[in-house]
Amino acid sequence: MSKSSGMSNSELPRFLIGSEVGESRKLDNRDMRNISGPYGEEEEEEDEDQSERQIVVGICSMMKKSTSKPMTEILERLCKFEYITVVIFPEEVILGEPVEKWPLCDCLISFHSKGFPLDKAMSYAKLRNPLLINDLNMQYFIQDRREVYRILKEEGIDLPRYAVLNRDPDRPEECNLVESEDHVEVNGEVFHKPFVEKPVSAEDHNVYIYYPTSAGGGSQRLFRKIGSRSSVYSPESTVRKTGSYIYEEFMPTDGTDVKVYTVGPDYAHAEARKSPALDGKVERDSEGKEIRYPVMLTAMEKLVARKVCLAFKQTVCGFDLLRANGHSFVCDVNGFSFVKNSMKYYDDCAKVLGNMVMRELAPQFHIPWSIPMEAEDIPIVPTTSGTMMELRCVIAVIRHGDRTPKQKMKMEVRNALFFELFEKYGGYKSGKLKLKKPKQLQEVLDIARQLLAELVLHNDCEIEEKKSKLEQLKTVLEMYGHFSGINRKVQLTYLPNGQPKASSEEEDTLKEGPSLLLVLKWGGELTPAGRVQAEELGRAFRCMYPGGQGDYAGFPGCGLLRLHSTYRHDLKIYASDEGRVQMTAAAFAKGLLALEGELTPILVQMVKSANMNGLLDSDSDSLTDCQQRVKARLHEIMQKSKDFNDDDYSKLAPTGSPSLVNSMGIIINPVRTCDQVHTLIKSLTQQICRRLEDPKSADLQLYHSESLELMLQRWSKLERDFRMKNGRYDISKIPDIYDCVKYDTQHNSSLALEDTLELFHLSKALADIIIPQEYGITKAEKLDIASAYCLPLVKKIQLDLQRTHEDEAVNKLHPLYSRGVMSPGRHVRTRLYFTSESHVHSLLNIFRYGGLLNEQKDEQWKQAMDYLSAVTELNYMTQIVIMLYEDNNKDPSSEERFHVELHFSPGVKGCKDEENAPLGFGFRPASSENHEKQTNPGSLEDLSQDEPDRAVLTEPINIQKKSPLVRNRKGGSMEALSESNPSSRGLAYRIFPSSSRQSPEIKPSGLGAQCAGLFSASFPNLRDLTRAPRKNPSSLKNLSSQAGFEGYSLVPSIYPLETLHNSLSLKQVDEFLTALCKNGSETQFKRLKTLSAMFESHSQPSIDVDSLETPVTTPVQSQPTAQSLWYTGGPPSTSSGPLSPSVADPSSNFAFSSE
């Protein structure tokens, strides 16, 4: 190891060896023996008594490099070799003196950096012929990315698919660039966004990544680190028009890069760091150094390191690896570079270099020397102790965040223009078509405009479409003045015999022959409040991971961030193709991983779209037979103009669910309640009309940039659609009415419209019956519909649980670097699935009614079922969480080895419903059975023994919520560890003040108490809430504008996770899921067989659309690896206004694998 720098001042060195700026220090002759002077002649003055000649190693580089801290540390160690002397060439000699006057040396370490005269160094090498550690000629090639890629390709090293654009007037054939909205074509090679644009000069660090319009467009601009930033997001979407560039496919790396440092072909040190493309914020430690984590390379990656080192003839060489889709790709070779701040690397590097020099030169200098054989370091890895279990897998299914009201309009269309459009985009392949891209929506708008123009010119022309519906179609598509693809979509479904039954708004006479059902959907965007909810829930989710507990994961070394950075966290985030769902997933990832900046870069790199095989998407417009029967029965019961009787209760609520029974008690008479609701809606629209006529309201801006006109349109449509022409009520509109009034009650309460709360309560009571019962009334129906919705998801969850204990070799931390990191062998698999209400209802019904456990025999499960029955609504951010633990002390074949827990939260708190909310039993309560077995069922570790991490977390979001500290009414939700609790182990303090009475039979575990507290108060930063005085709500306006969120409405908090069961075995769960998938598959197979037979008899021959733009609804298939994972097609469209990618619809089509 290095000696102390506090040496005697009498022995002055001949050269000053410094660290970084302002840190230079002197090394005496004991540190660096016999350092030679600047000129070779001084060598003759060596001590004559010296029996063996010294091997002189010359360091020829710019002073900033040769006196850097890593170089100094390595040279100090190199000098400990008995026969090695180091000479540092002064910068003034290198730049100002001829090579004949440079110091003499036997071995030369020389490398290029800015301002270095590589030509002179080559002349010197030719003159003196020293042993070259790094080849000088190859350093010319390293400065040109084209040459680097050529060499890598020749060596058979995997690199991203790329093409070179040379803007060279002498070679015009290499400068063919065709730029489209979502792709570029470079010399015939097509790159779909996202793609990377790199300057050909390796010295130019201005690398740009361009994002698709579906994810928000724009670009991320990378640059050489300035302070704490390494990249910045820009709205600019067009590529650079001057200079030569390499265009390459973007590799989704889950936000982490690997930097590899070789010292010869047989040694490589690898470190992970946060990708600069993610949010541009550089994570630094207390010394201001970028935080990096050592990782283990796979056997294949070690082979790549060897190949790179030999191909570029650079003994000391750094290069960048991208780990994506199970492969490793080299994307950059940097040449000579050292690891910073790793004593182990400094020792290894000096040892390898010293042995290399001695092996090559000792024989010719007649120096007696042999390579010392050392015992290999034995990697001793600490394990979790006692009966504590190790967290292995977290699976969460989460509903999206707060959104604007969804709106829908259906119309049957028969015009040939619509059939042509349906055929053009391959609708006949599956009988359905989804149009979301700007170009496609523009075509629908053009058809609507054309048909309306024909109606004006020829009153007798045969246009089957109703004028009012066409006008509505045109109006909605023209909204906002541009197509952003997130807030509108058109679905077309082929009807072989037309609509089976005309609705009250349609013509009474049925037309024969095939038609298309056109469904226009708009609205449903994630609101700023929804983004806050998702981000803060992500932040709170960290607390479920080892080391993440305590003061809101307050010390930045929380276990999750460490696990992720060191590749021990195998994280994948999936989302359905809805924009609101994808944006929720991106915001959650931002909070979970402490990221900063725009959501678009995070979305593109972290969120995988799972719409390839119906994993998280469902087509609500194509219902199963069972669902249609259920809806018909619901309509029949809810159309009775009399009070509910016992027969109605048994028909509508056969499961006896308290939430249903209570709602029926509020409604009493369904038709009379619907009359009241309709009257209240009419009153609401009249009030809005009066506001519109009031000149004071002319410039009134509602939440999320909505205007009073748009609000009136929303409510007027509901007023028209709810009561049909025959006087009956359309029960299917009740969820939409509740949706709208919930939105306005929360976000537009400043309007102070009368009777909104009464409308809210009545529509909620109706919705609390209609919404859950649409997914089945009896248990058998609930299971049948649930398996139709989420059988692929259930299969995927089963696969996640199985693969966790089978896959031991993935992403383990190098055990030699275990100091300061808890349980370095740990590898946690996290799978997050973001989806819509239908999948959450269905999955919960599967666990409730699928026969996982017997309520009569299992008291904990009975309590859980009673709790779920009392939950009225699965609101935004509802979570179903499965956690898998491993007890390393149990036999691997034992059922007790793996332990599964099931948790649930009903999501965001609704308006004024906290008083009536059902009580659960807290997060991870210790059951009497396992409380005897273990002091703590969680995977807690003693943080007081752990060296704190240096990671810098994001600044807290300054957003106030309705109740800064949620009043606790259950054990284990707010109370943190008490000082007397022996399991607290160094975390004995209370996060929240709490006056709750603890249930005597349920005791909270340490992590459970804290985690639940965090979840239940998961909005403002908890450190601010507990240490600072409460902020005055009157300052809300300033806070909101500061934090960049629109509107002044309050963000409601989220209910804490409740444990449904915490002592399931993996075998139990696996057998349950297997049986479920088997039954579901058989039912689904019969249903699909019937449907396909019916469809085939009516289908028309389809045209070959492969040459056309790839449609949104591509048949389920795995994508070829050479194709971009994001594919959107077509040139930029003209629209009713300028195209704006400012709002993202990240319908990025990722290939879906079994991972």
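Modeller: The side chains of Arg539 and Glu536 meet in a salt bridge, 3.4 Å from N to O; a salt bridge here is a side-chain nitrogen of Lys or Arg within 4 Å of a carboxyl oxygen of Asp or Glu. This is a predicted model, where local features need pLDDT of at least 70, side-chain atom pairs count only at pLDDT 80 or more, and totals for chains, interfaces and linings use all residues. Residues are numbered from 1 along each chain as its sequence is written, and side-chain values use heavy atoms, leaving out hydrogens and water.

Biologist: Which helix holds both Arg539 and Glu536?

Modeller: Helices are DSSP runs (H or I, at least four residues) and strands likewise (E, at least two), numbered from the N terminus. Arg539 and Glu536 are three residues apart, so about one helical turn separates them, and their helix is helix 12 (residues 528–541).

Biologist: Is Glu536 buried or exposed?

Modeller: Buried means under 20% relative accessible area, exposed over 50%, and partly exposed in between (1.4 Å probe, protein chains only). Glu536 has a relative accessible area of 0%, so Glu536 is buried.

Biologist: How many residues apart in sequence are the parts that Arg392 and Glu886 tie together?

Modeller: Arg392 forms a salt bridge with Glu886, with the closest N and O atoms 2.5 Å apart. Arg392 lies in strand 19 (residues 390–399) and Glu886 in strand 27 (residues 879–886), so the parts they tie together are separated in sequence by 494 residues.
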